[in-house]
Amino acid sequence: MTEAAVNPTRGRPRDPELRRAILAAARALITEVGYDRMTIDAIAARSGVSKPTLYRRWPHGKPELVADAIRERHAERGRVPDTGGLRGDLLAFVALQTGRLRDEAHLACGLAAQMRTSPELAAVMREHVIGEEHARVETILERARARGELAPGPVSRLFADVAGALVYTRVTITGEPVDEAFTDELVDHLLLPILNNAPQR
């Protein structure tokens, strides 16, 4: 797919297919060569567009584009379904996290390593990717409060990181199972007890 084919005239709305192709190229290149070795030139060549096109869409360059690529991938997986109960919502959320990470382990490891050395990438990822993950958790908690399953009041922001940290450790470091039994144990013996025993303020 070339830029000329997708955008033959000035003023034509941006084709979502072109955007998806660009973001897919970025994800593929991170997996193949790593974030640090991936360049805007390589993304342009892989997706068949010009560098000015990329900078018009992502004026802050590579970090902004990569964050968008990860956000789109997460969006493709969908938001956590409303199962009607706190336990069901947490099970669904952990399952989504597990599926994403199993499919993108190399991508996640590469980004995690580069975030330690690139403050710009780290800032963009915290704001747009990690921030949105925290928002998903807060949606689950708000549903539970509305149903009367969870007492009103704030929950530590650390709660939003617990499941992701354990899933990441198992998928990328220990190789232990991240199956249904793991999900049930994580929700029933860790996440729900944390919420049920949270101090009330």
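Leaving aside its neighbours within four places in sequence, which residues is glutamate 72 in contact with? They are Arg19, Arg20, Leu23 and Arg27, where contact means heavy atoms within 4.5 Å. Welcome to a predicted model, in which local features need pLDDT of at least 70, side-chain atom pairs count only at pLDDT 80 or more, and totals for chains, interfaces and linings use all residues. Residues are numbered from 1 along each chain as its sequence is written, and side-chain values use heavy atoms, with hydrogens and water left out.

**The chain overall**
- The secondary structure comes to 10 helices and 0 strands; helices (H or I, at least four residues) and strands (E, at least two) are DSSP runs, numbered from the N terminus.
- Of the 201 residues, 41% count as buried, with buried meaning under 20% relative accessible area, exposed over 50% and partly exposed in between (1.4 Å probe, protein chains only).
- Among contacts between residues at least 6 apart in sequence, 63% join residues at least 24 apart.
- The chain exposes about 10900 Å², and carbon and sulfur atoms supply 54% of that area; accessible areas come from the Shrake-Rupley method with a 1.4 Å probe, and for residues only the protein chains shown count as cover.

**Glutamate 72**
- Glutamate 72 sits in helix H5, residues 62-77, and counts as buried because its relative accessibility is 12%.
- Its side chain is joined to that of arginine 27 by a polar contact of 3.5 Å; the term stands for a pair of N or O atoms within 3.5 Å, where, within protein, one must be able to donate a hydrogen and the other to accept it, and residues adjacent in sequence count only if both atoms are side-chain atoms.

- Aspartate 36 is found in the loop between helix H2 (16-33) and helix H3 (40-47), and at 49% relative accessibility it counts as partly exposed.
- Leaving aside neighbours within four places in sequence, aspartate 36 is in contact with Lys62 and Gln114.
- The C-alpha atoms of aspartate 36 and glutamine 114 are separated by 6.9 Å, although the two residues are 78 residues apart along the chain.
- In H3, the residues Ile40, Ile43, Ala44 and Ser47 are buried. They lie on the same side of H3 because they cover an arc of only 100 degrees around the axis, the arc being that of the directions from the helix axis to the C-beta atoms.
- Just after H3, glycine 48 adopts a positive phi of about 75 degrees.

**Leucine 190**
- Leucine 190 lies in helix H10, residues 180-196, and its 31% relative accessibility makes it partly exposed.
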